[in-house]
Amino acid sequence: MLKKDFLWGGATAANQFEGGYNEGGRGLATSDTKTNGSLTRKRKHSFLDENNQIVYLHGSDYIPQNYKSIIDENMYYPSHKAVDFYHHYQEDIALMAEMGFQCFRMSISWTRIFPRGDEETPNEEGLKFYDKVFDECLKYGIQPVVTLNHFDMPLYLADEKNGWLSRETVTYFLRYCETVFKRYKGKVKYWMTFNEINLLRGYDTLGVHEMNQQRYYQAMHHIFIASALAVKKGHEIDSENQIGMMLANILTYPETCNPKDVELELNVSRRLKYFFSDVQCRGYYPSYILKLLEREKIVIKKEAHDDEILKEGCVDYIGFSYYNSGVVTTREDAKSTLGNGVKMAENPYLQESEWKWPIDPIGLRISLNILWDRYQKPLFIVENGLGAKDQEEADGSIHDDYRVAYMRDHIIEMKKAVEEDGVDLMGYTPWGCIDLVSAGTGEMKKRYGMVYVDMDDEGNGSLKRLKKDSFYWYQKVISSQGEDL
Ligand code: BG6
């Protein structure tokens, strides 16, 4: 059996769910300048160049210096309205309560609290909004699980301060963390610092112009320090706080037993995943990264006490997302590639989603075991789910048996990891429990929810909420503590 206080719930993020982008004194965030990229499958970013011309980027990270991000009135920006949780929070939390949620993972929008990022005092209206959200959750006995930073940052800090490349950003981030830790003391106990810390690469998440390897590792160092300081501060403010990291846990397999494939997989999983969890769980840079930095002549500028800060700011638990696995290969003729030119092969044993993500429930059990063996820290599955197109029937019903099948198969494997392998698992929060905007493509039609939201890729729709078949199924799963699948 899963433990008694196992947290069943669902997960969202402010920039994909909340909307109200210019309400309540909120400032612009990097995510607000990204337009719908469903046509190119990549998100676009618009800005003014030195000659005051609007420039659109299509999924590229290259942004010249001295530009200013802009909102172009002729473009559609999905995050501006998202699915309008800002005005629907009572209805949405009531739906979560009806499903039996014991927790709700969400993120705070940094610019609702500090609109530019560098202010001395927070925006009271922004703080009040989250007071209302948390109070509403607690009314139903739902524990908020709060991500402090989910894929965006204040636009001002990105454009004027060079984002996470600047050490100053650490100070501003900590001010924001301290503010929310103090304000929501007694209301929020579960926190996570940076969403999918191992996937922060683009301008929107790092706020860094003209990215290169040197800048990347420097910006990441600042993020590690910011996370560690936030963990320390959070514990000082409330010893009850549980503060975790958040890892994008893409499981990788070597294509064959050729030792070269196995060796490649080891290196890929370290560089793409374990580097980040090693630093945040063990409190120091692993030797394989120190050697890599040395080889590549990358020198991270550190301050005097940085090593101590990392040691003292280890996380309490590991939150992670799990959607799929991937196959790495040394075969030259393999077609698709993962970042850094790593060759990826198809997995002939797995089916894929409509968005070509391999579906691999057993990979979840394997992932849980690897992380548990490596760190012996409690684990929390804070994202999992199937992005799929849904069809609303004439009577308003939505028959998403494919989603139920996906979740059922993953929950079966999750339970095996707990019941047969003894993994310490805190909870399960499937992604986008109420439909929201896709992070990867800006689409609405890539839906994950158990609640349907009437909204399309261009922002048309009544925003009405409808219960899908998966809603009733998940309700039963929660009430039976995962026994009735
Ligand atoms: C994770 C992110 O990468 O996966 C979420 O934390 C994201 O923000 C989710 O939405 C699913 O990805 P996508 O691209 O289908 O929205």
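Two strands pair if DSSP finds at least two bridges between them. Helices (H or I, at least four residues) and strands (E, at least two) are DSSP runs, numbered from the N terminus.

This is a predicted model, in which local features need pLDDT of at least 70, side-chain atom pairs count only at pLDDT 80 or more, and totals for chains, interfaces and linings use all residues. Residues are numbered from 1 along each chain as its sequence is written.

**Exercise 1.** Find the strands that pair with β6, and state which residues stand opposite each other.

Solution. 
- Step 1: β6 runs parallel to β1, and three bridges join the two. Cys 103 in β6 has Gly 9 opposite.
- Step 2: β6 also pairs in the parallel sense with strand β7 (residues 143-149), over five bridges. Here Phe 104 faces Pro 144 in β7.

**Exercise 2.** Trace the barrel and show where β1 meets β18.

Solution. 
- Step 1: Eight strands form a closed barrel with parallel pairing, in the order β1-β6-β7-β8-β9-β11-β17-β18. On average, neighbouring strands of this sheet are turned by 30° against each other, direction ignored; axes are lines fitted to C-alpha atoms.
- Step 2: β1 (residues 7-11) and β18 (residues 425-428) pair in the parallel sense over two bridges. Leu 7 stands opposite Gly 427 in β18.

**Exercise 3.** Is strand β6 buried or exposed?

Solution. 
- Step 1: A residue is buried if 20 or more other C-beta atoms lie within 10 Å of its own, exposed if 12 or fewer, and partly exposed in between, with C-beta atoms placed from the backbone.
- Step 2: Five of the five residues of β6 (residues 103-107) are buried, so the strand is largely enclosed by the rest of the structure.
- Step 3: In a regular strand, side chains alternate between the two faces of the sheet. In β6, Cys 103, Arg 105 and Ser 107 are buried on one side, and Phe 104 and Met 106 on the other.

Notes
Axes are lines fitted to C-alpha atoms, for helices over the stretch in contact, and angles run from 0 to 180 degrees between N-to-C directions.
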